[in-house]
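Please open the structure in the viewer and keep the selection tool at hand.

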Amino acid sequence: MKKNKSRNRGFTLIELLVSTAILAILAVGAALSLPRSQSPEQQDMMLFQKQVENQQLLAITGGQSRGLKITAEGLQLALRQDQGWQISPRVQRWQSPVRFATQAPQYRGADTPEVFFLATGESTAFDITFGRRQHCRGSGEGVLACSSR
C-alpha cells in the first residue's frame, strides 16, 4: 500500500514573496515615522515658532494679553492678569545659544515678558537668533518670519 505524500512540507514561493513584500512595506513605514534628526538650533526655532503661534492665538481668541519671557536659559509663558503678569514657573530650556533683541520700549520688571501678544493681534517687534544660522523676526503686527542664514 502506498502512502499519500503530503504536499504541506513548507511554504510556497508565492507565500514567501507576499510575506517579504509585507515586511518591506512595514519597514518603510516604520522608517518614515521616525523623527528626522534636527540640529539643536532647528529644534529651538521650532519650539519658539510653536509658542509664538500658540500665544498669539490664545491672546486673540481669549481677549487677554499673553507673553513670552525669554532668557538665556529658555522661555516661559506669561498671562496678563489684573494684578500684573503671571509667569509660568516652567522653563522650556534652549538647546543652543540664543540672542534676543526687542525694538519695543522696555517695561522692565522681574515679572515682565520680553514679547507681548495683544488681543488685537499686535505683538512686540523683536529679533531672535538660535545658534549661528536660525533666525526669527517678529514685525510687531503679529507676523513671524523665520529662516536659516
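A disulfide is here a pair of cysteine sulfur atoms within 2.5 Å. The model is a predicted one, and by this rule it contains one disulfide.

Select Cys-136 and Cys-146 to display that bond, in which the sulfur atoms lie 2.0 Å apart. The pair links distant parts of the chain: Cys-136 belongs to strand β8 (residues 134-138) and Cys-146 to strand β9 (residues 144-148), 10 residues apart. The torsion about the S-S bond is about 110°, so the disulfide is right-handed. Are the two partners buried or exposed? Cys-136 counts as buried because its relative accessibility is 0%, whereas Cys-146, at 24%, counts as partly exposed.

Next, select residues 40-62, which form helix α2. This helix has 23 residues and spans 32 Å from its first C-alpha to its last, close to the 33 Å expected at 1.5 Å a residue. Colour its buried residues: Asp-44, Met-45, Leu-47, Phe-48, Gln-51, Val-52, Gln-55, Gln-56 and Ala-59. An α-helix has 3.6 residues a turn, so residues three or four places apart point the same way. Step beyond the end of α2 to Gly-63, whose phi is positive, near 65°.

Finally, select Leu-13, Ile-14, Leu-17, Val-18, Ile-22, Leu-23 and Leu-26, and show the surface. Together these residues form a nonpolar patch with about 740 Å² of accessible area. Within this selection, centre on Leu-23, which is found in helix α1 (residues 13-33). Leu-23 counts as exposed because its relative accessibility is 58%, and the cut-off for that class is over 50%.

Definitions and conventions: Residues are numbered from 1 along each chain as its sequence is written. This is a predicted model: local features need pLDDT of at least 70, side-chain atom pairs count only at pLDDT 80 or more; totals for chains, interfaces and linings use all residues. Side-chain values use heavy atoms; hydrogens and water are left out. Helices (H or I, at least four residues) and strands (E, at least two) are DSSP runs, numbered from the N terminus. The expected span of a helix is 1.5 Å times one less than its number of residues. Buried means under 20% relative accessible area, exposed over 50%, partly exposed in between (1.4 Å probe, protein chains only). Patches are made of residues with over 30% relative accessible area and no salt bridge: like charges are joined within 9 Å, nonpolar side chains (Val, Leu, Ile, Met, Phe, Trp, Tyr) within 5 Å. Accessible areas come from the Shrake-Rupley method with a 1.4 Å probe; for residues, only the protein chains shown count as cover. A salt bridge is a side-chain nitrogen of Lys or Arg within 4 Å of a carboxyl oxygen of Asp or Glu.
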